[in-house]
Amino acid sequence: MQSLHRLDHLRSAIEAWRAKGESIAFVPTMGALHEGHLTLVRAAREKADRVVVSIFVNPTQFGPNEDLDAYPRTLEADSRLLEGEGVDALWAPNAEEMYPDGFATSISVEGVSADFCGASRPGHFAGVATVVCKLFNQVRPDVALFGEKDWQQLAVIRRMARDLDLSLPYADAILGVPTVREADGLALSSRNRYLDETARAQAAVLPTAMRQAIARIEAGAPVGAALRDLEHRLIEGGFSKVDYAALADAASLDRIDTLGSRPARLLVAAHIQATRLIDNMAVGSGR
Ligand SMILES: Nc1ncnc2c1ncn2[C@@H]1O[C@H](COP(=O)(O)OP(=O)(O)OP(=O)(O)O)[C@@H](O)[C@H]1O
Ligand SMILES: CC(C)(CO)[C@@H](O)C(=O)[O-]
Ligand code: BAL
């Protein structure tokens, strides 16, 4: 595996592959890799001749009071894991390479960015869209893979790629990979490392309560009541604050209060100790 830290080196590697007619699959990450990331990498392997994984803890997607400094940085261990998965290149730029002096551009995706994490983390999705657009331009992949765990992020990136005619050649070039979970249902996340033993055990109430709310909604219970009960269960179970617990159209991310024929998604973000966890699951015909 090539470990690349400079854009000119990345470009040379990519040009050499392209000269041989090889295709490229790309998995953007912020590192602190776990099985969720490795599942994306394995899916990428199936999609193209070469796999590039980026690790970059992107400062512009963190708010002023968020965990940018605390975010786990484990480049050596990550690098070994990627090597073991047969990744061709690790692209690990530094902040100066990504945001040189005078950097002044930001991509704002309206609509799908507005609610949910966009509302509770102002500026977050502009940071994500801008860095992902840069990464796409740097790597120029044929396909890129993202986790469904970050459902809204996936919708934002698909919207941006369509709106800006980003040059990924296939219509389904931005692939979503189903969420990988622990045995108790908790979605794998780099931020799970922040949880102490008590909070880690309590955190399993999130997927459990979500599944119960979904069962009630699918059985015809009023959506508002099911969502209120879900919030109560989280607070009783050890969560300190619920940013949102909502039913939404799976594609537009508009909130809905009844199940229709279109795929729907239950989306939740909640805080336990100092850690903010997110999750989402399909509801009704979206399953
Ligand atoms: N449990 C998971 N299952 C599938 N994909 C995942 C999972 N966790 C993360 N991913 C995906 O991996 C990619 C990189 O995510 P990132 O590096 O932010 O990891 P993370 O675990 O989501 O971290 P965080 O704790 O910041 O949410 C994203 O596309 C994300 O959706
Ligand atoms: C897509 C991403 C790598 C952009 O920094 C990040 O938001 C993530 O890891 O999900
Ligand atoms: N996986 C999403 C990245 C973030 O929370 O900033």
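Predicted model: local features only at pLDDT ≥ 70, side-chain atom pairs only at ≥ 80, totals over all residues.
Helix H3 takes in residues 75-84 and lies across E1, E3 and E4, with a direction of about 165° to E3. So much for the helices; next comes the sheet they lie across.

That sheet is an open one, built from six strands with parallel pairing. Reading across it, the order goes E1-E4-E3-E2-E5-E6. The two ends of that row are strand E1 (2-4) and strand E6 (174-177), the edge strands, each of which pairs on one side only. Going from one strand to the next, the twist averages 25°.

Zooming in on one pairing, strand E3 (residues 50-55) and strand E4 (residues 89-91) run parallel and are joined by three bridges. For a handy landmark in this pair, take Val 52, whose bridge partner in E4 is Ala 89.

Is Tyr 99 buried, exposed or partly exposed? Tyr 99 counts as partly exposed, because it has 18 C-beta neighbours inside 10 Å, while a buried residue needs 20 or more and an exposed one has 12 or fewer. Tyr 99 can also be placed relative to Pro 59: the two are 40 residues apart in sequence, yet their C-alpha atoms are 9.8 Å apart in space.

Technical notes: Residues numbered from 1 in each chain as written. Chains lettered and ligands numbered in written order. Pairing = 2+ DSSP bridges. Helix = DSSP H or I, 4+ residues; strand = E, 2+ residues; numbered from the N terminus. Axes fitted to C-alpha atoms, helices over the stretch in contact; angles between N-to-C directions. Contact = placed C-beta atoms within 7 Å.
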